[in-house]
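Here's a quick tour of how the pieces of this model pack together. Have the viewer open and follow along.

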Amino acid sequence: MNPEDQKELTEDHDDKQVAAEIMARRFIPAGITAVPWEGFNFVGREIRITEATDSYGAVVWSSALVLCYFLETNAKQYNMVDKNVIEIGAGTGLVSIVASLLGARVTATDLPELLGNLQYNLSRNTKMKCKHLPQVKELSWGVALDENFPRSSNNFDYLLAADVVYAHPFLEELLITFDHLCKETTIILWAMKFRLEKENKFVDRFKELFDLEEISNFPSLSIKLYKAMKKNRRSA
Ligand SMILES: C[S@@+](CC[C@H](N)C(=O)[O-])C[C@H]1O[C@@H](n2cnc3c(N)ncnc32)[C@H](O)[C@@H]1O
């Protein structure tokens, strides 16, 4: 076998093995429960997530598991302890919970209709378990950013995002939001599921404003994990 084919075979094996390991972090309760929930094992904790069935943010998407796994397994390099972290499109809250369990000061954000369930999951999984209790805040992409998140007080070390790009009509507003929330030193960790051509176009637009680095690729899940920082920073 030539070295190129061998490399491809090894990458394919690594992808499938790690992807299977990531997906194995999800479990379902053994019996019927009064309130339906899904379980996840991260940071040595059993995390219980209650889902709803009425919107995109109501279930835990596989990109969230990829990002949680990355945060857990790279906790030395990307140390969350006492860091200011914002998650956009937090949905049911798994990523924000894991970042909180790792010691971050988290602000979990989403559309207003998602916030009740998000708050419930965050409280249930972080009370008495975290150094800093996560906050929940409304953030509709592109809406009232100056009022609710004034640039002068945004001081986020990390911006986390899982599966926020898909066929919705707010892609330009999403890009504006990424830009608004980041200062020069903010690190974006973004897990991206590729479904349609639209996603590639968004990545191209994103690259006009941010330096983008692919840090993991799981072809078997159609998910890539990116690290990004604002372009034209004075200090890199
Ligand atoms: C595919 S879900 C991903 C949820 C979660 N990050 C995960 O991976 O499980 C997309 C999320 O983006 C949120 N979202 C969609 N459009 C939005 C908008 N215009 N402003 C803010 N959040 C939005 C949805 O409510 C939902 O929580």
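## Ground rules

Contact here means heavy atoms within 4.5 Å. This is a predicted model, where local features need pLDDT of at least 70, side-chain atom pairs count only at pLDDT 80 or more, and totals for chains, interfaces and linings use all residues. Residues are numbered from 1 along each chain as its sequence is written, and side-chain values use heavy atoms, with hydrogens and water left out.

## Helices α3 and α4

Start with α3 (residues 94-101) and α4 (residues 115-126): their axes come within 10 Å and cross at roughly 30 degrees. Axes are lines fitted to C-alpha atoms, for helices over the stretch in contact, with angles from 0 to 180 degrees between N-to-C directions. The two helices therefore count as roughly parallel (angles under 35 degrees). α3 passes α4 in a right-handed crossing, that is, the near helix is turned clockwise from the far one by less than a right angle.

Ser96, Ile97, Ser100 and Leu101 of α3 sit against Asn121, Leu122, Asn125 and Thr126 of α4. That contact splits into 3 nonpolar, 5 polar and no charged residues.

## Helices α6 and α7

Now look at α6 (residues 171-181) and α7 (residues 197-209), whose axes come within 11 Å and cross at roughly 30 degrees. This crossing is right-handed. On the α6 side, Leu171, Glu172, Leu174, Leu175, Phe178 and Asp179 make the contact, and on the α7 side Lys198, Phe202, Arg205, Phe206 and Leu209. The tally is 7 nonpolar, no polar and 4 charged.

## The nonpolar cores

A nonpolar core is a set of buried Ala, Val, Leu, Ile, Met, Phe, Trp, Tyr and Cys residues joined through side-chain atoms within 4.5 Å; buried means under 20% relative accessible area, with a 1.4 Å probe and protein chains only. The largest has 44 residues, and Phe42, Ile47, Leu67, Leu71, Leu94, Leu160 and Leu189 touch the most other members. Helix α2 (residues 62-73) gives the most to this core, with 8 residues. Apart from it lies another core of 26 residues, including Ala161, Leu181, Phe202 and Phe210.

Leaving out residues up to four places away in sequence, Leu160 touches Leu67, Leu71, Val85, Ile86, Glu87, Ile88, Val95, Ala99 and Leu189.

## Zooming in on Val106

Val106 lies in strand β5 (residues 105-110). Is Val106 buried or exposed? At 2% relative accessibility, Val106 counts as buried. Val106 touches Val85, Ser96, Ala99, Ser100, Pro134 and Gln135, not counting residues up to four places away in sequence. Its C-alpha atom is separated by 7.5 Å from that of Glu87, 19 residues apart along the chain.

Methods. Helix = DSSP H or I, 4+ residues; strand = E, 2+ residues; numbered from the N terminus. Parallel < 35°, antiparallel > 145°, perpendicular 65-115°, else oblique. Nonpolar A, V, L, I, M, F, W, Y, C, P; charged D, E, K, R; others polar. Buried < 20%, exposed > 50% of the residue type's maximum accessible area, 1.4 Å probe, protein only.
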